[in-house]
Amino acid sequence: MDAEHQIKANPKLRKSRREPGGWKSMPYILGNETFERLASMGLLANFMVYLRKVYHMDQVSATSLMGLWTGVTNFLPLLGAFLSDAYAGRYWTIAVASFFSFLGMTSMTLTAWLPQLHPPTCSGANCEGPTASQLGFLVMSLCLVSIGSAGIRPCSIPFGVDQFDPTTDKGRKGIASFYNWYYATFSVVLVFTLTIVVYIQDSVSWVLGYGIPTVLMFCSIVLFFMGTHVYVFIKPEGSIFTGLAQVAVAAYKKRHLELPSLDDRTAFYDPPLEPGSVVLSKLPLTNQFSFLNKAAIVVEKELNPDGTRINKWNLSSIQQVEELKCLVRVGPIWVTGILSLTPIIQQATFSISQALQMDRHMGPNFQMPPASIIVISFLTITFFIPLYDQFLVPAFRKFTHHPNGITELQRMAIGIIFAVLSMIVAGIVEKERRNRANGPNGGSIMSVFWLTPQFFLMGLCEAFNIIGQIEFFNKEFPEHMRTMGNAFSSCSIALSSYVNTAMVLIVHRTTGSGGAHGKPDWLANDLNKGRLDYFYYVVAATAFFNFFFFIYCAKNYHYKGKVSDSHQDLELVIASDKKLDV
């Protein structure tokens, strides 16, 4: 029985819910998210250049620091999601986290403003690096920004979804439109950040370039609180991990019991939904990971006269069992997502280093900031998504008969292919750039727009892979675990940053030690003396082998809420994925 029929059968369930804020709350939520993204992306977009020009870090050190910080920033949302769902609620999590983001941005502005907080200005080859105290203040500022992102990122999408009633057609359409607006505003923010804000940072002033995002972060806080009177507030229902742990403990205690048939529903504990519960639809009991089903077997003296459980650590509901299965099911898909996102990390690191050594002139009097080249990727996303929705989805639908044209898993697979192609093209362009490097100070006569193909392909990768991951995790997690599901996407980016950092250090130490034997360091500080194209090929090969691992996991994935027809749906996924094989 779906949520709409359950509410019709139980009117108390509808009365316990407040009328959703709907689109009345969207200007405040999307406005807050837009300004927060402007602030955080204003810091991240040109951070590689900031570390090299202002803090005089070498390429490997700057890449490692940026990778570690990006990883922490995208991993902490898992903790923020837990605190939100279990104790604080999404509203207060966003509110408190916004203040931390503002403090972090203010501190970052101070690192550019106060001479005591950064190394002295230098234009030579042997510049003085940061002191321990200067580096410590920089790391503290980054930590504050990360804490802010930990609360805002996992809660922004679920909090927006909370404003609509998913039990009505109007509410479901509103949720679908919200996702579109969310992606649209995100793309616009990135384009603005990678052009205007980056130009100000690179050509006008780092103080002003960081000061503007700081002011925008303050505006996001004001805008968020202005919408308090129209928001829908979903109360936290306690730690979801406690319920998951209870399933594991109960299943272990009953491991010796014989498993009844799924048709014998009286043998399993399946209470009705409680009025006012965040959970709108119950999950059916499935055969997958059937050993966990033993946690829901009712034995003698486990129920009170009113049908409630005597001990939650001895007996779990079918809903709890299936929620744990949801978490276990997405695990392999989540792991493959880590390696599939590694090529995307290159956009903000070595690709910027390439742009620094290329001709960035647009006319005789204007030189484009190196970080602005990334805008090609996000312009691709901005223009491709409407084309995808209007033309590609209907075309795919004719062949697959799937309402979305293709499944989220198929969408992610296509993204991995584009990631591999992007790295191969990046390696070819880098080899040509290095061979033609003959300008002053190791510069290259090649135009920076030779990087366009790799960024275009990477934009397609993000349009398929990252958006596919976000939709996949949000759909495959139960309603009250959506914040956690949204955090899983950030965790994929976090661990991919760590994997990238590990690959950089391994390659640098392995190839760098061969300098005495006449072999170049692949990741030399001077790209014209290195072999960055080889590193790109290593990343492409890693993503290529990960593609086959992903296909294997996708073939064996069972969608949430599917029982008898799950294998039929999988066959459709497999057949379509095989068409994408190269």
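Is Y91 buried or exposed? In this predicted model, Y91 is buried, with a relative accessible area of 7%.

**Aromatic pairs and cluster**

- The count of aromatic pairs comes to 34.
- Y91 and F233 make an edge-to-face pair, because their ring centres are 5.0 Å apart and their planes stand at 80°.
- Y91 belongs to helix α7 (residues 90-113), while F233 lies in the loop between α10 (206-226) and α11 (240-253), so this pair ties together parts that are 142 residues apart in sequence.
- In contrast to buried Y91, F233 counts as partly exposed, at 40% relative accessibility.
- F224 and F225 also form an edge-to-face aromatic pair, with 5.9 Å from centre to centre and 75° between the planes.
- F224 is buried, at a relative accessible area of 2%, whereas F225 is partly exposed, at 30%.
- One aromatic cluster takes in both of these pairs, being formed by Y91, W92, F99, F159, F224, F225, Y231 and F233.

**Charge over a ring**

- The charged end of R255 sits over the ring of Y252, at 4.0 Å from the ring centre.

**Nonpolar surface patch**

- Y199, V204, L208, M362, F366 and F449 make a nonpolar surface patch of about 520 Å².
- Within this patch, M362 is placed in the loop between α14 (350-356) and α15 (375-400).
- M362 counts as partly exposed, because its relative accessibility is 42%.

Conventions: Residues are numbered from 1 along each chain as its sequence is written. This is a predicted model: local features need pLDDT of at least 70, side-chain atom pairs count only at pLDDT 80 or more; totals for chains, interfaces and linings use all residues. Side-chain values use heavy atoms; hydrogens and water are left out. Patches are made of residues with over 30% relative accessible area and no salt bridge: like charges are joined within 9 Å, nonpolar side chains (Val, Leu, Ile, Met, Phe, Trp, Tyr) within 5 Å. Accessible areas come from the Shrake-Rupley method with a 1.4 Å probe; for residues, only the protein chains shown count as cover. A salt bridge is a side-chain nitrogen of Lys or Arg within 4 Å of a carboxyl oxygen of Asp or Glu. Helices (H or I, at least four residues) and strands (E, at least two) are DSSP runs, numbered from the N terminus. Buried means under 20% relative accessible area, exposed over 50%, partly exposed in between (1.4 Å probe, protein chains only). Rings of Phe, Tyr and Trp (its six-membered ring) pair if their centres lie within 6.5 Å; planes under 30 degrees apart count as stacked, over 60 as edge-to-face and the rest as tilted. A charge sits over a ring if NZ of Lys or CZ of Arg is within 6 Å of the ring centre and within 35 degrees of the ring normal.
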